[in-house]
Amino acid sequence: MNEPSPRVLAMLPGIMPSTLMNVVKPMMALQKRGLIHFRVSLENYPSHANINWSNIVVFCRNTEPRYRHNLDSILGKNIPFIYDIDDNLFEVPADTVDGRYYRAPQRLELLEQYLKAASLVRVYSDPLLEAIREYNKHIHLVDPPIEWETLGHIPEKTTGKPVKIVYATSRREDRLASIFSDALSHLLREYAQDVEMCFWGFKPQEFIDFPNVRFRKFSSNYDKFLHQFSSVGFDIGLAPLTDDRFHQSKTNNKFREYAACCIAGIYSDVEVYSNCIQ
């Protein structure tokens, strides 16, 4: 007799690129294949019925002490859980908005509890695996995804002008653009008729008055973003990154997006990119 399919509950802090790409969409794909039964619940609207229904739970980037009772409930019922993490939340720069949030002592304490109690921890980079190893030995290194079916129509490359450059980010407070801002300012002035720059999701004040700079708003709907992004026909994509402990744990997301959209990338020479780019 066949074993019943696992009943998987994802209890998430919100719908964001990380939770959508790393948890919701893969689990929905497994459900479509008949391998699991799947439900989603936000941690601020917990459902006791969903918890009682599940026999495995998935958390992703959950660190909020107000919702500690969800973890306590699951542990009290002896329900195994997976903790999915794609950033080193212990090393978020402390002088940023996200850093002040994630590195608050009560959140770091709860993060440790999640990691130590998890039946499995999923990570997306070798440096993050090493950082998490002291909390849990049951760690699975996951290849980060790219969803080809979400791409729109990719225009054919032409030799026409202007050359379209793009920098896309979901960060509310982005400091990485400072890595290229001086060089880009010079380029936009020197070749004003030949180069067009697009900041997607981020609006640096120093570029507001450039006539050849465009801005597009961040969209939390990742499928919609990638469909639109791939359809513009950008020529060059910028991928700045600093070589510190936080950014070393990142994935090569820019490389996957740019390559999938046939965009030539300019990448910082750090291990995140040098491991996959010559």
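Begin by selecting Leu 75, which lies in helix H3, residues 68-76; helices here are DSSP runs of H or I with at least four residues, strands are runs of E with at least two, and both are numbered from the N terminus. The model is a predicted one, in which local features need pLDDT of at least 70 and side-chain atom pairs count only at pLDDT 80 or more, while totals for chains, interfaces and linings use all residues. Residues are numbered from 1 along each chain as its sequence is written, and side-chain values use heavy atoms, with hydrogens and water left out.

With Leu 75 still selected, display its surface: the residue is partly exposed, at a relative accessible area of 38%, where buried means under 20%, exposed over 50% and partly exposed in between, for a 1.4 Å probe and protein chains only. Leaving out residues up to four places away in sequence, Leu 75 touches Phe 81 and Ala 117, a contact being heavy atoms within 4.5 Å.

Next, move to Ala 104, in the loop between helix H4 (97-102) and helix H5 (105-117). Ala 104 counts as buried because its relative accessibility is 11%. A C-alpha to C-alpha distance drawn from Ala 104 to Leu 151 spans 38 Å, for a separation of 47 residues in sequence.

Return to Trp 200 and show its surroundings: beyond its neighbours within four places in sequence, its contacts include Val 166, Tyr 167, Arg 216, Phe 225, Phe 229 and Phe 234.

Finally, zoom out to the whole chain, which has 11 helices and 11 strands and whose C-alpha atoms fill a box of roughly 65 × 45 × 35 Å along the principal axes. Of its 278 residues, 46% count as buried. Among contacts in the chain with a separation of 6 or more, 67% join residues 24 or more positions apart.
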